[in-house]
Amino acid sequence: MNGLQPPPIPEAGSTGDVGLVRTYKSWKSSNIFCLQGRLIFGPDARSLFLTIFLIVAPVSVFCVFVARKLLDDFPDHYGISIMAIVVVFTLCDIIFLLLTSGRDPGIIPRNSHPPEPEDYEGSSEVRAGQTPPLRLPRQKDVVVNGITVKIKYCATCMQYRPPRCSHCSICNNCVERFDHHCPWVGQCIGLRNYRFFFMFIFSTTLLCLYVHGFCWVYIKRIMDSEQSTIWKAMAKTPASIALLVYTFISVWFVGGLTVFHSYLISTNQSTYENFRYRYDHHSNPYNRGVIKNFMEIFCTGIPPSKNNFRAKVPKEPVVPPRTISAFISPNRGKIVDDIEMGRKPVWLEAGGGASDYEGQLSDDGMGKDGDLVDASPDLSRILPPEGTEGRGVLLQTKQYSRARTSERWEISPEILPLSRLGESKRVNGGGE
């Protein structure tokens, strides 16, 4: 009637996202997210660029100074296949690297509150003055394939870790089947990316051997074409010498990792378990035989992630810091610093008579005659001179002390008649 329109009613499914935020934005860890939560990296993801450079740079040198000159040395265009194979190896190597580094390794979501104790039902005897045993045990025993395995409680994630799970101190996450945190890929190696990690180091080993071998082929071609010694042939191709040294050193590193992880897969261990538990002298509850162990890693489906980093969750309320502005002055910071350093505050040094003021009060705040005295008397005689640092602090402290005294010594109506009776007796006694 008066022309005012009611507020529009939101349609179904069009509710606003006020107070909602993507999961990856509120994720409590050290991970780095890209593409709005589609890719998840570790906190040291920048090392990924160094790893890619260490792969691409020598391959580029090989293609320019070695493979290009071998194109015409093989019949039926087999020389082209030398360069094509090295390019395919490199692309596969980088793909396996990104699949290892940019996916969820098997992170277990955190709990918002610790679990309730299972063995406490309120029936245990608790004596007077004792606290019921509500503390969570640090370890629990679970049975895996007929063997008892201990699982630990994670105070950070507030949950008991499943078997073969461990908390990564770098990423600050609990990871299923935790193997290790690899700084070269900038990510934890766990249940969901261990397969790609092994393929990465295996393909890198093959790439090193491939480049190393064809560098020797190129040197042999020079020796045969010029009828020279190996030293003269190597002197004419310094790029081949650099690649031979580089790949020889690299193959010991990535090749050693490949052999070591092949042994771990054959015995169904992780790197963490191998160094921590040493199943060589104990029964391994996860060992199913060499063939089944390899099939478990390479022939089974990868379980889906337990986290939806793009889902919208309620935003956690931000608790504002508590501020007390009633008696804070700019000199408060200096006073705190003086106290921490073991020195007297500035305003105490300037006054020098704070002990006189404190001596007027007994331990319970009563005067000599049992009367209540003012806890904040006139401090003008111990105030610093006008303009001295700390004068404002003492005045404000005096006002605050009076306010606290009035609150602390407020007499209740029940005690008021007794106090008046005591006053009358003191007056009569004084008159005598």
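Reply: What follows covers the pocket, the surface patch, the salt bridges and some backbone details.

Me: What kind of model is this, and how are residues numbered?

Reply: This is a predicted model in which local features need pLDDT of at least 70 and side-chain atom pairs count only at pLDDT 80 or more, while totals for chains, interfaces and linings use all residues. Residues are numbered from 1 along each chain as its sequence is written, and side-chain values use heavy atoms, with hydrogens and water left out.

Me: What volume does the largest pocket have?

Reply: About 520 Å³. On a 1 Å grid over the protein atoms alone, a pocket is an open set of points where a 1.4 Å probe fits, with protein on both sides within 12 Å along at least five of seven lines. Lining residues have an atom within 4 Å of a point. Grid points are joined across faces, edges and corners, and the volume is the space filled by probe spheres set on the points.

Me: Which residues are closest to its centre?

Reply: Trp184, Thr204, Ser250, Phe253 and Val254, out of 28 residues in the lining. Elements that give two or more residues to the lining are α1 (47–67), β9 (180–182), α3 (194–226), α5 (238–267) and α6 (271–276). Helices (H or I, at least four residues) and strands (E, at least two) are DSSP runs, numbered from the N terminus.

Me: Which element gives the most?

Reply: α5, with nine residues.

Me: And how do the lining residues divide by type?

Reply: There are 20 nonpolar, seven polar and one charged. Here Ala, Val, Leu, Ile, Met, Phe, Trp, Tyr, Cys and Pro count as nonpolar, Asp, Glu, Lys and Arg as charged, and the others, Gly among them, as polar.

Me: OK, surface next. Which residues form the nonpolar patch?

Reply: Leu50, Phe53, Leu54, Trp184, Tyr246 and Phe253, with about 570 Å² of accessible area together. A patch takes residues with over 30% relative accessible area and no salt bridge, and nonpolar side chains (Val, Leu, Ile, Met, Phe, Trp, Tyr) are joined within 5 Å. The areas come from the Shrake-Rupley method with a 1.4 Å probe, and for residues only the protein chains shown count as cover.

Me: Which elements give two or more residues to that patch?

Reply: α1 and α5. The largest share, three residues, comes from α1.

Me: Phe53 then: buried or exposed?

Reply: Phe53, which is found in helix α1, counts as exposed at 53% relative accessibility. Buried means under 20% relative accessible area, exposed over 50%, and partly exposed in between (1.4 Å probe, protein chains only).

Me: Changing topic. How many salt bridges are there?

Reply: The count comes to six, a salt bridge being a side-chain nitrogen of Lys or Arg within 4 Å of a carboxyl oxygen of Asp or Glu. One of them joins the side chains of Glu273 and Arg164 at 2.9 Å, N to O. Glu273 lies in helix α6 and Arg164 in the loop between β6 (159–160) and β7 (166–168), so the pair ties together parts that are 109 residues apart in sequence.

Me: Is that pair buried or exposed?

Reply: Glu273 is buried, with a relative accessible area of 4%. Arg164 is buried too, at 16%.

Me: What does Lys220 pair with?

Reply: Lys220 forms a salt bridge with Asp224, and the closest N and O atoms are 2.9 Å apart. The two are four residues apart in helix α3, so about one helical turn separates them. Lys220 is partly exposed, with a relative accessible area of 42%, and Asp224 is partly exposed with 42%.

Me: And Glu296? What does it bridge to?

Reply: Arg288, with the closest N and O atoms 3.5 Å apart. Glu296 counts as partly exposed, at 26% relative accessibility.

Me: Backbone now. Which residue other than glycine has a phi near 55°?

Reply: Met158, where the value is positive. Most residues other than glycine have a negative phi. Met158 is found in the loop between β5 (147–154) and β6, and is partly exposed, with a relative accessible area of 22%.

Me: What is the phi of Arg164?

Reply: Arg164 has a positive phi of about 70°, although it is not a glycine.

Me: Last one. Where does Gly106 lie?

Reply: In the loop between α2 (78–101) and β4 (139–144). Gly106 is buried, with a relative accessible area of 2%. The C-alpha atoms of Gly106 and Asn307 are separated by 8.9 Å, and these residues are 201 residues apart along the chain.

Methods:
Patches are made of residues with over 30% relative accessible area and no salt bridge: like charges are joined within 9 Å, nonpolar side chains (Val, Leu, Ile, Met, Phe, Trp, Tyr) within 5 Å.
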